[in-house]
Amino acid sequence: MTIGEVLKSLRLHAGMTQTEMAAGIVTESFYSKVERGVHAIDANVLIQILAKHHFDVTNFFEQISNQQSTEPYFNLAGDITYAQNN
């Protein structure tokens, strides 16, 4: 799954709207484009969204890392570590 697909899955499972997921962090429009794979999301912003809604960050990244992907996540692990430390 992609980052957007996992975000959408978590959001729907929690019974939330895109507006609720994005509230106070990014615009609904930007968030919608992340879910659809139109925009990339900064690791810091992603972790803010996950933490705000009490989603398990480790589980989230396991869902995207346990796949064969053609998308380049060259620095994903470094970005995750940086975001968690800040």
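Start with L7. Leaving aside residues up to four places away in sequence, L7 touches M21, Y31, V34, E35, L46, L50 and F60. Contact here means heavy atoms within 4.5 Å.

The model is predicted: local features need pLDDT of at least 70, side-chain atom pairs count only at pLDDT 80 or more, and totals for chains, interfaces and linings use all residues. Residues are numbered from 1 along each chain as its sequence is written, and side-chain values use heavy atoms, with hydrogens and water left out.

Now the overall plan. The protein has six helices and zero strands. From the N terminus, the order is α-α-α-α-α-α. Helices (H or I, at least four residues) and strands (E, at least two) are DSSP runs, numbered from the N terminus. Of the 86 residues, 35% are buried. Buried means under 20% relative accessible area, exposed over 50%, and partly exposed in between, with a 1.4 Å probe and protein chains only. Among contacts with a separation of 6 or more, 57% join residues 24 or more positions apart.

The largest nonpolar core holds 24 residues, and L7, L46, L50, F60 and F61 touch the most other members. Such a core is a set of buried Ala, Val, Leu, Ile, Met, Phe, Trp, Tyr and Cys residues joined through side-chain atoms within 4.5 Å. Each of α1, α2, α3, α4, α5 and α6 (76-85) supplies at least two residues. The largest share, six residues, comes from α4.

Look next at α3, residues 28-35. Its buried residues are Y31, S32, V34 and E35. They lie on the same side of α3 because they cover an arc of only 160° around the axis. That arc is taken from the directions from the helix axis to the C-beta atoms. These buried residues pack against α1 (3-13), α2 (18-22) and α4 (43-52). Just after α3, G37 takes a positive phi of about 80°.

Two packed helices are described by the angle between their axes and the distance between the axes. The axes of α4 and α5 (residues 57-65) come within 10 Å and cross at roughly 125°. So α4 is oblique to α5. Axes are lines fitted to C-alpha atoms, for helices over the stretch in contact, and angles run from 0 to 180 degrees between N-to-C directions. Angles under 35 degrees count as roughly parallel, over 145 as roughly antiparallel, 65 to 115 as roughly perpendicular and the rest as oblique. L46, I47 and L50 of α4 meet V57, F60 and F61 of α5.
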